[in-house]
Amino acid sequence: MATAVKVQSATQRAAWKALETHSEQVRNVSLRSMFSGDPQRAARFSIEAAGLFLDYSKNRITSETRDLLLQLAQESGLRERIDAMFHGDKINITEKRAVLHVALRAPKGEAIFVDGKDVVPDVHAVLDKMSAFSARIRSGDWKGHTGKRIRNVVNIGIGGSDLGPVMAYEALKFYSDRSLVFRFVSNVDGTDFAEAVIDLDPSETLFIVSSKTFTTLETMTNAHSARDWSLAGLKGDETAVAKHFVAVSTNAAEVTKFGIDTANMFGFWDWVGGRYSMDSAIGLSTMLAIGPENFRSLLDGFHQMDEHFRTAPFESNLPVILGLLTVWYTNFFDAQTMAVLPYEQYLKRFPAYLQQLTMESNGKHVTLEGERVNYDTGPIYWGEPGTNGQHSFYQLIHQGTRLIPCDFIGFEKSLNPLGRHHDMLLANVFAQAEALAFGKTAEQVKAEGTPDWLVPHRVFEGNRPSNVLMAERLTPEVLGKLVALYEHSVFTQGTIWQIDSFDQWGVELGKVLAQHIIGEIESPTAALQHDPSTNNLIGRYRKLK
């Protein structure tokens, strides 16, 4: 079995050790003093690239901090690791796979090789097939079994086969064809499917079953329920399946067995991880919603950020800076979580999407060599759109005892201009970042005439770090840039932590155990050989179900 080349432990790198010392020196330095001592700070800690603007000046860093973090990136081999990914090397070592989601958005004419084969032509062949199919659905040329046009599209998937399509649909709803209804089913809880189809007509409904192997338990359970529901509404004619189901899969045998015409099977490759797949055939529902032209614009946005990440110097590289800041707070300030706060209602599912991208990627406790790490990896990502969050959890961020770095995402122009709404929205972005950074002193509170007993309750300590990320407006292209930005930030973090950001063995054990328990639940006389607690729970459910 191949093993990774022995590398120096992250904590033994010169830059890591220097950062440990340096973090103690700056720990109690306030952002107030940093700004008052440097009138050019905002300009020096801002980057504009690939159509995005990042102000990271409200972080608890100095120029020395940045230099040491950049040194850490160099010592960790980040440049070599980036090159290896783009060259198609098998950097997912536990599954012996290349990691080439960047190939999914490479333009025609570029060449990216896996095992000596240029995969870009295959990518575009699938894209062309998706485009042709989308045109038929959107124009009404594709007819269901009874001759009616398709008006409802239900995507059935889970994990990356659901979170990406759901997020993209919500994010780009402004650009979607409103004559089509889109629903998404992922949870094996029957309620998810029942509610998704409760008001739909089977004769006008198309199901996209997204499962690479066509064996994923939750997805195929829902797919068979969808098949039963569809046939019940179409007089049980098995030939109807081919008109109301398509597959995103690579298992032609199982797709055929299900009743789907393999001509309507859209493939992808083992070098595409599930959480990196929304721009592959997994994005078929996205293309149906926004159209092929907008989908290709989305891919172009991804590609622009890919090229920026691949070529820009680290000191002006957006994903690198974001990734290094996450390492800074996770490992040197003991921050356990990161809040992502989009001030754009269309991005309401973006934090949920990032949860899988970040935590499934970097929720690892062993290095590439299989050794137990002695430092934290993979902070918890969470968030909600502003201004909603301001009236719920921002209290904890402002005055709680935990350090919670924040990413604020805003747009200079609204897709739905309405009076003063957008000015008010952006004012809150800037105000929240300012309040977190600089707070409000006891003297300021007293100067407002506040009684002494109330003063401590109204003090804001400040020194709470944040980034402000801005773009002109939310477009398919910009969404692609934002997703790729966080993809490559995650990659940067994983490289520093020396972990495999592209496997996900942690999701396997519970799935395997569940398969055994399903059989035990459905066979009431089966012997139970689990721990006493699990045996008791299974036995109780058997009696009460």
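Reader: Is Ser 230 buried or exposed?
Author: Ser 230 counts as buried, at 2% relative accessibility. Buried means under 20% relative accessible area, exposed means over 50%, and partly exposed is in between, with a 1.4 Å probe and protein chains only.

Reader: What sort of model is this, and how are residues numbered?
Author: This is a predicted model, where local features need pLDDT of at least 70, side-chain atom pairs count only at pLDDT 80 or more, and totals for chains, interfaces and linings use all residues. Residues are numbered from 1 along each chain as its sequence is written, and side-chain values use heavy atoms, with hydrogens and water left out.

Reader: Back to Ser 230. Where is its place?
Author: Ser 230 is in helix α9. Helices here are DSSP runs of H or I with at least four residues, strands are runs of E with at least two, and both are numbered from the N terminus.

Reader: Which residues is Ser 230 in contact with?
Author: Pro 202, Phe 207, His 244 and Phe 245, leaving aside neighbours within four places in sequence. Contact means heavy atoms within 4.5 Å.

Reader: Another serine, then. Where does Ser 134 lie?
Author: In helix α6, residues 120-139. Ser 134 is buried, at 0% relative accessibility.

Reader: What does Ser 134 touch?
Author: Leu 284, Met 287, Leu 288 and Pro 292, again not counting residues up to four places away in sequence. Val 209 is 75 residues from Ser 134 along the chain, and their C-alpha atoms are separated by 15 Å.

Reader: And Ser 161, buried or exposed?
Author: Buried, because its relative accessibility is 12%. Ser 161 sits in helix α7, residues 160-171. Not counting residues up to four places away in sequence, Ser 161 touches Asn 155, Ser 210 and Ile 282.

Reader: New topic: the core. Which residues touch the most other members of the largest nonpolar core?
Author: Trp 271, Phe 350 and Leu 479, in a core of 121 residues. Helix α20, residues 476-497, gives the largest share of this core, 11 residues. A nonpolar core is a set of buried Ala, Val, Leu, Ile, Met, Phe, Trp, Tyr and Cys residues joined through side-chain atoms within 4.5 Å.

Reader: What does Trp 271 touch?
Author: Among its contacts are Ala 98, Leu 100, His 101, Val 114 and Val 123, not counting residues up to four places away in sequence. There is also a second, separate core of 23 residues, which includes Val 154, Phe 193, Phe 207 and Phe 245.

Reader: Now helix packing. How do the axes of α1 and α4 cross?
Author: The axes of α1 (residues 14-26) and α4 (residues 63-75) come within 8 Å and cross at roughly 155°. Axes are lines fitted to C-alpha atoms, for helices over the stretch in contact, and angles run from 0 to 180 degrees between N-to-C directions.

Reader: What are α1 and α4 to each other, then?
Author: They are roughly antiparallel. Angles over 145 degrees count as roughly antiparallel, under 35 as roughly parallel, 65 to 115 as roughly perpendicular, and the rest as oblique.

Reader: Who makes that contact?
Author: Residues including Trp 16 and Leu 19 of α1 and Leu 68 and Leu 72 of α4.

Reader: How about α13 and α20?
Author: The axes of α13 (residues 292-311) and α20 come within 7 Å and cross at roughly 35°. Among the residues in contact are Leu 298 and Phe 302 of α13, with Leu 479 and Val 483 of α20.

Reader: What about phi at Phe 214?
Author: Phi there is near 60°, a positive value in a residue other than glycine. Most residues other than glycine have a negative phi, and most peptide bonds are trans. Phe 214 lies in the loop between β7 (205-210) and α9 (217-233), and is buried at 2%.

Reader: And Asn 463?
Author: Asn 463 has a positive phi of about 60° too. Its loop runs between α19 (455-458) and β13 (466-471). Asn 463 counts as buried, at 14% relative accessibility.
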